[in-house]
Amino acid sequence: MTVRTRFAPSPTGYMHIGNLRTAIYEYLIAKNQHGQFILRIEDTDQGRFVDGATDVIFETLKTVGMEYDEGPGKGGEFGPYIQSERRQIYRKYADKLVELGGAYYCFCGKDRLDELRTKCEAEGKMYRYDGCCKRIDKAIALERVKRGESHVVRQVIPENGNTTFEDVVYGTITVDNSELEEGILLKADGLPTYNFANVVDDHLMKITHVIRGSEYLSSTPKYNVLYNAFGWELPIYIHLPPIMKTKDKKLSKREGDASFEDFINRGFLKEAIVNYIVLLGWNPGTEQEFFSMDELKACFDVQGLSKSPAIFDVQKLRWMNSEYIKRLSVEEYFEHAKPYFISAGLETFDLLKLSELLKNRTEIFSEITEKVAFVKNLPQYDIALFSHKKMKTDSESSLNVLRKVLPALNGIACWSAESINNCLMTIVVENNMKNSQVLWPVRTALSGMESSPGGASELADVLGKAESVRRIEVAISKLS
């Protein structure tokens, strides 16, 4: 059997984290077994369609590095791969299902359905269609359809017994058929509901593994009734537990929780996002925590999936992102950081040197603008910054140090981090001081900040001789 999985998103907005995790798992399951990964766009709910959302799906898959084997723009023998372009296929199978006795034509209009709903509410019952049109003779119903009478196609649910299926994550699931509603499969406008389209498409596209959120567990028995009515083989089901914001609250794009695109725009690396998301609900069975996509394809195993909800911890993602950033070369870091340097107006500075300073001090790239703002403009600062108990400095001692440092720095002929450090260490030795008593005042004078991405010598090297001297002069003036 060739493993075939499908990612079937609806173009209703951005790519939220739960949807992306499903896509990644589907991709890894297929690739681990040398199978095919299919993209299908489920756009039959036209009322929720968001312009540009399909492009977001394409771009996200491309960014993450998940190339689909069949789908829109790529083709394949089971297309089209956009559901709105498959209308005639659904009509054909809906009519066939009626012939097989697995569905029936329903002609009830809005008024009757509203009356039925009102009656159910008055009796304190859950609304459920009463099967009125199921009693219409099939030949008569077909004639009414041929005359063009408005109708929908409803599913037939067995009145007795139950429906059982196996799920890789949740095990055996059994539901009484009496709990299942005879829902609409084909709407009056000829478009299918999700409940019908996904079954037809999964069968026709030879999907072997269906991976989706656990919220679909309750609907799966209805899908199986359809499979059985058609006489089709069931796929392997893998339902995934939700990703939670807290132990009591799901992540929700409707409530503004960050999407994949949001995290990218905030300066997270795609590799870190993918790595973190994969581990939300999957245990590799080893101590390994960092994976490349190729490593994941080689080792991903559905037996490592958990049925417990996973908490999305942004701080853990930040930590993982920082670890990925540390693994970049200085040149790679610079390419990611360059837009933030430019937005901070630092084009005239040595940005590779600045990159070297920041690389091991960056959690997400969007922090860079704030971290380097002092480079272009010395901020207003309180002279209290020069007093530091641990560093054994105060305003008076800092002033004395800076007065010694100023002419020494002015005298450096070849300006570099090494020559600056040698100069400052000479002052330490000649004045029998601790390193911190010299380095802290200089670093504070250069940055005007309580903390900075580098020590005194490194900052002076980036700022250049003239600007470094000017800033020390400003500090001496403040402290005098």
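**Exercise 1. Count the aromatic pairs, then classify the pair of Tyr93 and Trp232.**

*Solution.* There are 18 aromatic pairs here, where rings of Phe, Tyr and Trp (its six-membered ring) pair if their centres lie within 6.5 Å. Planes under 30 degrees apart count as stacked, over 60 as edge-to-face and the rest as tilted. Before we go on, note that this is a predicted model: local features need pLDDT of at least 70, side-chain atom pairs count only at pLDDT 80 or more, and totals for chains, interfaces and linings use all residues. Residues are numbered from 1 along each chain as its sequence is written, and side-chain values use heavy atoms, leaving out hydrogens and water.

Step 1: the ring centres of Tyr93 and Trp232 are 5.8 Å apart, and their planes stand at 65 degrees, so the pair is edge-to-face.

Step 2: now find both residues on the chain. Tyr93 sits in helix 3 (residues 87-100), while Trp232 is in the loop between helix 7 (220-230) and strand 9 (236-240), 139 residues apart. Helices (H or I, at least four residues) and strands (E, at least two) are DSSP runs, numbered from the N terminus.

Step 3: check burial. Buried means under 20% relative accessible area, exposed over 50%, partly exposed in between (1.4 Å probe, protein chains only). Tyr93, at 12% relative accessibility, counts as buried, and Trp232 counts as buried at 11%.

**Exercise 2. Is helix 9 (residues 270-278) largely enclosed or open, and what covers its buried residues?**

*Solution.* Step 1: seven of the nine residues of helix 9 are buried, so this helix is largely enclosed by the rest of the structure.

Step 1: the buried residues of helix 9 are Ala272, Ile273, Val274, Asn275, Tyr276, Ile277 and Val278.

Step 2: look for contacts (heavy atoms within 4.5 Å). Among the elements covering the buried residues of helix 9 are helix 1, helix 2 (53-64), helix 8 (260-265) and helix 11 (314-326).
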